[in-house]
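Have a go at each task before you read its solution.

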Amino acid sequence: MMGVLRRTFDRFRGAEEDVITLPPMDGAIRPNQAIEAAALVLEIERPDNLAFDGRRVLFSSGAEVLAFDPSQETAKPATVASFGSEVTCLAADGAGNLAVGLNDGAILFAAGPRKGRDIADRGVERSCPTALLLAGEALVVCHGSRRNAPDAWKRDLMERNASGSVWRIDLATGKPACLSDGLAFPYGAALDRSNNLVVAESWRHRLIGLPPDGAARQPALLDQLPGYPARLAPAARGGYWLCVFAPRSRLVEFVLRERDFCEDMFLEVEPDYWIAPALNSGRSFLEPLQGGAIKQLGILKPWAPTRSYGLLIELDENLQPIASFHSRADGKRHGVTSCLDLDGRVLVSCKGGDAIVLLDPRSKRGGANR
Amino acid sequence: MSALFEMQGITKEYRGVPVVKNVDFTLLEGEVHALLGENGAGKSTLSKIMGGVVQPTAGAMLFDGRPASFPTPAIARRNGVAMVFQETTLVPSMTVAQNLYLGDERLLSRLRGVYISAQQFLQSLNFHVDPTATVASLGAAKKQMVEIARAVRQKAKIIIFDEPTAALTPEEKHHFFALVERLKSRGVSIVFISHAIEEALAIADRITILRDGEHIATDAAGAFDRDKIIRAMVGRSLSGELYTHRGQEQVRSPGRRLLSVQDLTMGNAVRNNSFSVYEGQITGLFGLVGSGRSETARIVAGIIKRDFFHGGEVRFEERSVRYGTPASAVSDGIVYVTEDRKQEGFFETMSIGDNLYAGLLAKNLNSGGALVNMAEMRALADSWTRTLNIRATHKNARAVELSGGNQQKLVIGKALLQKPKLVIFDEPTRGVDVGAIGEIHNFINRLADDGLAVIMISSYLPEIVNLSDRILVFRQGRVVEEFTPGDATEERIMYAAVH
């Protein structure tokens, strides 16, 4: 009884579990304009899922998988495969395997010895493939949600779902094993030095560890991220790159707690105009504005509250942030969903900014106002 | 200029131990005379003799050419010698205006009239202090301003300022220097005691240097430079060691995020403040007085509480914490080394050992439980006196008998005994002599090298730039900008703090 009263009172005063606060972007995640200043490699609609097959850089754009030669000065993308649904994730290895996840839930091999094989027919959940990882003779699949397709990620967040799962599929036998369930939109995975899985759990703004055998889940390896994490990629100099596809904001955190408002919003407002994170913003006057004073003398301030942002975080081998690259409120290269380290130079796909850019982390970085 | 005040062969002894030895000092009419020296050099004692606070053991004084003797400060004040002490002498329960007019009240005075005239007077000095505020509610800097205002109001011919700028921000210092110029132009003579050598060089006409109670040198300010002064003060050059600008390559890499302050709010002092602190780094907090640095640190350490409604969150070791008392923070590993050591840092009538043992008791780390273990206390005193190089006249010296620098070392020792994970230093070298500053800096560096998270609040820019691995600038209750030593310059930091 007292607990209920205390919870109610805490909600009223905005304290304890009901406190609406956000971790700051400081220290290693100090804002800069590095992504905005990075060299443009390619302008293409909604690029995502950067991968390397040993020769070519693969990426997806809509329902197509494309590739380009990274050694060429100008990237000339060629179509590798086309599908009937948007490509939501892909994984490639040096052996020619190319696994693709689609928005309709299918997970299939688009190239290599297993070409045409649909993984989802083998008892793996078929709903929301968000990330794939080829790990030797196994394929790791992140399913974001049991209720929504990948392109309905905004709804999944605003519904506060935690129905995601991570699967490991033995490619030799085709036998699937669920490593973890009840996750809040797993959106990226990587292997650590001990072959444990590191998974980005987006709606809980953290990275968690999963043993390869699916034993007990480890505590959060990195918690309290200032945005929603997406794909993880190994870094050439050790450690990882973590893409953060949208920022957290106090307004969204507040709306997430207002269930009646959310229900009304789902019914009455187009998803693009919800008070929710976005891959890009500022393109329509129908979009919700946040706070006041975002513009002064017609100039959008870089520190203005925003629904979309571009952020790539470099993590050390212990998954602690050591550097970061940003495109801030006044930038365009938002919605960073994937990246690829090519011997120290990093390709970054800005899905919201319709661009693939090339970062040289060594030439970084310069501070900025908060 | 003729001599207004002369001291000839002044000696002062305590229990037969001389602290001022046969010192000659001359103050000219309308001059600013800086009195410099390490802590324990005898500056304060000499100035107290001048202000009638203590009596000399030997020697003579001349005021306006006539022999003078000031048995009490009141008599000195009546003769036109006012003193602004390092520790304020204001009545904490009275308002600023009442303190200004204390001892000068009319039989029938209207409180409103007192406030109005106090307001006008403070404004004329460019001091932004609310005359209706009680002194207890003011920060150290504002108390200092009131103290200065009181001395100016008494229309003294000689004003002795003992560390007047230690608690002031650079902006306030600027106002203070302008005030000194105004007083000088009115013919007031000023004795300026400070550890800030640059300030002495900037505003003094003449400089006198004392060392170990003895007169070392007196000359025009133009005849000195920083190195020459330091050599005279300590007998060696420390300038290069203390405030060299560190490059980015010397910055310690951050460890685990230990503290995350998120949207912290406390009235108007702290507003939606957010920042993180990492293990193995010194995080420097800079800002003007009133920018919310100390308040934020005090909330983190459980000394004051954040707003009850929507007060934000403090996360320590990835756990949300809300400390009701400093003891809970200490037991979690957060210690706060106060800016006001005399009020909050130690028990001044207790010995070094007693004070250190009190630190141990705060976290129940002592071996005797409810009983005091005297052997443990003595061992503690011996080991920390050695570790921190605390210099005292004897083993059982009381804290009050130590110099400012040694008192600060004692406060630091007391805090470190509690085996902290996060140490918050609030103005660690305020009122500390130049020799001890180096030792304290080395000590702070050692803590960060050992992997502890360190927050250092300082109003002295060279200190912030030299020591910090990250610099957070506060303005109006929140962090507004972050610098690394590589991109920080004093100008950029100050610009962020002011604009």
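**Exercise 1. Find the residue with a positive phi in the hairpin of strand 11 and strand 12 of chain A.**

Start at the turn: five residues sit between the two strands, and A:Gly174 is the one that takes a positive phi near 80°. Next, look at the strands themselves: strand 11 (residues 164–170) and strand 12 (residues 176–183) of chain A pair in the antiparallel sense over six bridges. Strands here are DSSP E runs of at least two residues, numbered from the N terminus, and two of them pair if DSSP finds at least two bridges between them. Finally, pick out one pair: A:Gly164 stands opposite A:Leu183.

A word on the numbering and the model: residues are numbered from 1 along each chain as its sequence is written, and chains are lettered from A and ligands numbered from 1 in the order in which they are written. This is a predicted model, where local features need pLDDT of at least 70 and side-chain atom pairs count only at pLDDT 80 or more, while totals for chains, interfaces and linings use all residues.

**Exercise 2. Work out the strand order of the open four-stranded sheet in chain A.**

The order is 1-25-24-23, with antiparallel pairing. Now check the edges: strand 1 (39–43) and strand 23 (336–342) of chain A each have a single partner strand, so one side of each has no neighbour in the sheet. Neighbouring strands are turned by 20° against each other on average, direction ignored; the axes behind that angle are lines fitted to C-alpha atoms, with angles running from 0 to 180 degrees between N-to-C directions. Then zoom in on strand 24 (residues 345–350) and strand 25 (residues 355–359) of chain A, which are joined by five bridges. There, A:Val346 has A:Leu359 as its bridge partner.

**Exercise 3. Describe how the two domains of chain A meet.**

First, the bounds, which come from an automatic or database domain assignment: domain 1 is 26–51 + 228–370 and domain 2 is 83–224. Their C-alpha centres lie 22 Å apart. The contact (C-beta atoms, placed from the backbone, within 7 Å) takes 19 residues from domain 1 of chain A and 23 residues from domain 2 of chain A. On the domain 1 side, strand 17 of chain A gives the most, with seven residues. By class, that side has 15 nonpolar, one polar and three charged residues. For the classes, Ala, Val, Leu, Ile, Met, Phe, Trp, Tyr, Cys and Pro count as nonpolar, Asp, Glu, Lys and Arg as charged, and the others, Gly among them, as polar.

**Exercise 4. Which strand of chain B gives the largest share of the side that touches chain A?**

The contact takes 23 residues from chain B and 19 residues from chain A. Strand 20 of chain B gives the largest share of the chain B side, five residues. By class, the chain B side has eight nonpolar, seven polar and eight charged residues.
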